[in-house]
Amino acid sequence: MAKSKVYFTKELTSDGLIKIYEAMGRDLQSKVAVKISTGEPGGHNFLQPKLIKGLVNKLSGTIVECCTAYRGKRFDAAHHWQAIKDHGFTDIAPCDIMDEEGEVKIPVTGGKHLKGYNLVGTHISNYKSMLMLSHFKGHAMGGFGGALKNMSIGVASRNGKAWIHSVGRTEDPDAMWGMTEDQDGFLESMAEACLSVVTYYGAENMAYINVANRLSIDCDCDSNPHEPEMADIGIFASLDPVALDKCCYDTIMNSDDKGKASLVNRMLKKHAIHLVDTAEKLGLGSEEYELVNID
C-alpha cells in the first residue's frame, strides 16, 4: 500500500498556504467550509486573518466554528460572534457558527464510546466540502491539537463537545467536567467523532492543513496561553489526517530545537499519539507517510 503524502513548506505566508493547498491536488468545490479556531479572547496564537485570507477567498469559502463547552467568551453565539469580529475574521470572509441554530446527530460507526452518534451544528448541511485549517500546537487535555482535534472537538456542537469529552456519558457541558478521568477513552471518542465527519462529507470532499507556528503548549481555546518555547516550523498538508498529525508529531519529537521540551512533555503526559493510533484503526488514514518538501 502506498504511503500517504504529507506536503511541507517553511513559507509561513499567505502565498505559502495557497501553494501547499494546491500541492495536494484536491479542488474543493461548491460551498466550502473552512474550519478554523477563532481563538478565545485574551489568546493571541490563533491563525491570523492576514495569513488565511488568500486561501479562504480562493476557495470562496466560509469560515466555520462552533460554540465552546467551557463557559468562556465563546460559550454562546452572541459572545462568539463578537470574538470572531474582534479577531478580524468577519473582515476577510463570510463566517458561520454552525450550532447557532441548534444541533443534529450524525452517525458514528465502528466506535465503542459515542453510542452511534456525534452531535454537530445544524449548519453542517450548508456545505458540500470542508477544509480543516488547523493551528498545530499543544493542548491541555488532548496533548496536541491538529487536524483530528479540529475535526472532532472543533466541529462538534457545544453539547457534542461534552459528549466527546465525557466519553459518551453526558451531553451537558457543565456536567462533563466531572467525567474527564478516562484519558484514552477521550482520545478514542475524538477519533470516533472524526470518523463521523469524514463519513458525512465523504473523504473525497475533505482536505487538511496544519500550520505549525506559535507552538505554545496551550490551545487557542486558552485565554492566557503559555508563550511558545520552540521556533516556528512551517505548514504541513495532506489528504490523510492521520498521516498529517503523525508527521507533525514526529517532527516535534525529532526536532533539534531545545525549546521543544515542554511541548513534548505535554504530548507524552496526555498520551496524545493514542488519538492518531485510534484514528488509523478506524480507517481514517495511515501513520505511514512520505514527506514532500514543496519549497
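This report walks through a sheet, a helix that crosses it and one proline in a predicted model.

## About the model

Residues are numbered from 1 along each chain as its sequence is written, and side-chain values use heavy atoms, leaving out hydrogens and water. Because the model is predicted, local features need pLDDT of at least 70 and side-chain atom pairs count only at pLDDT 80 or more, while totals for chains, interfaces and linings use all residues.

## The sheet

Let's start with the strands. Helices (H or I, at least four residues) and strands (E, at least two) are DSSP runs, numbered from the N terminus. Two strands pair if DSSP finds at least two bridges between them. Here, eight strands make an open sheet with mixed pairing, in the order S4-S3-S2-S7-S10-S11-S1-S12. S4 (95-97) and S12 (289-293) each have a single partner strand, so one side of each is left without a neighbour in the sheet.

Strands S7 (residues 129-135) and S10 (residues 206-212) pair in the parallel sense over six bridges. Methionine 132 has tyrosine 208 in S10 as its bridge partner.

Across S7 and S10 lies helix H6 (residues 183-201), running at about 135 degrees to S10. For such angles, axes are lines fitted to C-alpha atoms, for helices over the stretch in contact (heavy atoms within 4.5 Å), and angles run from 0 to 180 degrees between N-to-C directions.

Is proline 241 buried or exposed? Proline 241, in helix H7 (residues 241-253), is buried, with a relative accessible area of 2%; buried means under 20%, exposed over 50% and partly exposed in between, using a 1.4 Å probe and protein chains only. Not counting residues up to four places away in sequence, proline 241 touches Ala147, Leu148, Met151, Tyr208 and Leu284.
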